[in-house]
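The sequence and the structure are shown first, and a description follows.

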Amino acid sequence: MIRVLVVDDHPVVRSGLSGMLSVTEDITVVGEAGDGSEALALVESTSPDVVLMDLRMPRMDGVAATEAIVSSHPSTRVLVLTTYDTDTDILHAVEAGAAGYLLKDTPHAELLNGIRAAARGETVLAPPVAARLMSRLRTPAPPAAAQPSPRELEVLAAVARGLSNAEIGRELFIGEATVKTHLQRLFAKLDVDDRTRAVTAAIERGLLPSPGR
């Protein structure tokens, strides 16, 4: 019997997954968690074989929880199940030690087989995720021209301080439309799809100072 812990911040998704897994003969759900912190506590108390892990959650996200679980419970396999398939999300999850990465539109049978494969110690990747990883590995490092410009970094630094587009425009003496253009270019260069991810990616690359520095 494969012991599974379901982690997702949406109660309806958690109950749906738990209900689906509970009627499977070789899988039993040992618990549900709404964020990474709850997941860590439940891993301690239930010792699951596989943790079905969402990525974007409050308090502690899936990447941080995956890293903590893999570090402290190496026999527990973490299988990411998310709606997000950006290069940044995938790489962060893999680097944190996830045994696999599936998308929430994965068919029922494939999800069950993915859980079984993860429990056996195999790597599980949804076809679109595998394709993105292979493409990433084959793509050379971005040229200098793809790096954010000084003005784009000024805009991003203002975003990191919590300013709105209008406030950034007033501070830098540029139009709000120009701020949006700079942000769109930043998203493309940093391979992200929102402001928060852009700030996080820039800090990780050393383009912006870490908070508190």
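How many of the residues of E1 are buried? Five of the six residues of E1 are buried, and the strand is thus described as mostly covered.

## Overall description

The model discussed here is predicted. Its protein chain has 213 residues, of which 43% count as buried. The secondary structure comprises 10 helices and six strands. Along the principal axes, the C-alpha trace spans about 65 × 35 × 30 Å.

Among contacts joining residues at least 6 apart in sequence, 63% link residues at least 24 apart.

## The sheet

The six strands form an open sheet in the order E2-E1-E3-E4-E5-E6, with parallel pairing.

Strand E1 pairs with E2 in the parallel sense over six bridges, and Val4 stands opposite Val29 in E2. E1 also pairs with E3 in the parallel sense, over four bridges, and Leu5 stands opposite Val51 in E3. In a regular strand, side chains alternate between the two faces of the sheet. Helix H3 (residues 62-72) lies across E3 and E4 and runs at about 170° to E3.

In soluble globular proteins, nonpolar side chains tend to be buried together. The largest nonpolar core of this model has 30 residues, and those with the most contacts inside it are Val4, Leu21, Leu52, Tyr101, Leu111 and Ile115. At least two residues of this core are supplied by each of several elements, among them strand E1 (2-7), helix H1 (11-22), strand E3 (50-53) and helix H5 (108-119). The largest share, five residues, comes from H5.

A second, separate core has 19 residues, including Ala158, Leu172, Leu183 and Leu190.

Not counting residues up to four places away in sequence, Val4 touches Leu21, Ile27, Thr28, Val29, Val30, Gly31, Pro48, Val50, Leu52 and Ile115.

## The packing of H7 and H9

Two packed helices are described by the angle between their axes and the distance between the axes. Helix H7 (residues 150-160) and helix H9 (residues 176-190) pack at an angle of about 95°, with their axes 9 Å apart. This angle makes H7 roughly perpendicular to H9.

On the side of H7, the contact is made by Arg151, Glu152, Val155, Leu156 and Val159. H9 contributes Val179, His182, Leu183, Arg185, Leu186, Lys189 and Leu190. The residues of this contact divide into seven nonpolar, one polar and four charged.

## Phe187 in helix H9

Phe187 is found in helix H9. Why does Phe187 count as buried? Its relative accessible area is 19%, and a residue counts as buried when this value is under 20%.

Leaving aside neighbours within four places in sequence, Phe187 is in contact with Val192, Asp193, Asp194, Arg195 and Ala198. The C-alpha atoms of Phe187 and Ala198 are separated by 6.3 Å, and the two residues are 11 residues apart along the chain.

Definitions and conventions:
Residues are numbered from 1 along each chain as its sequence is written. This is a predicted model: local features need pLDDT of at least 70, side-chain atom pairs count only at pLDDT 80 or more; totals for chains, interfaces and linings use all residues. Side-chain values use heavy atoms; hydrogens and water are left out. Axes are lines fitted to C-alpha atoms, for helices over the stretch in contact, and angles run from 0 to 180 degrees between N-to-C directions. Angles under 35 degrees count as roughly parallel, over 145 as roughly antiparallel, 65 to 115 as roughly perpendicular and the rest as oblique. Contact means heavy atoms within 4.5 Å. Ala, Val, Leu, Ile, Met, Phe, Trp, Tyr, Cys and Pro count as nonpolar, Asp, Glu, Lys and Arg as charged, and the others, Gly among them, as polar. A nonpolar core is a set of buried Ala, Val, Leu, Ile, Met, Phe, Trp, Tyr and Cys residues joined through side-chain atoms within 4.5 Å. Buried means under 20% relative accessible area, exposed over 50%, partly exposed in between (1.4 Å probe, protein chains only). Two strands pair if DSSP finds at least two bridges between them.
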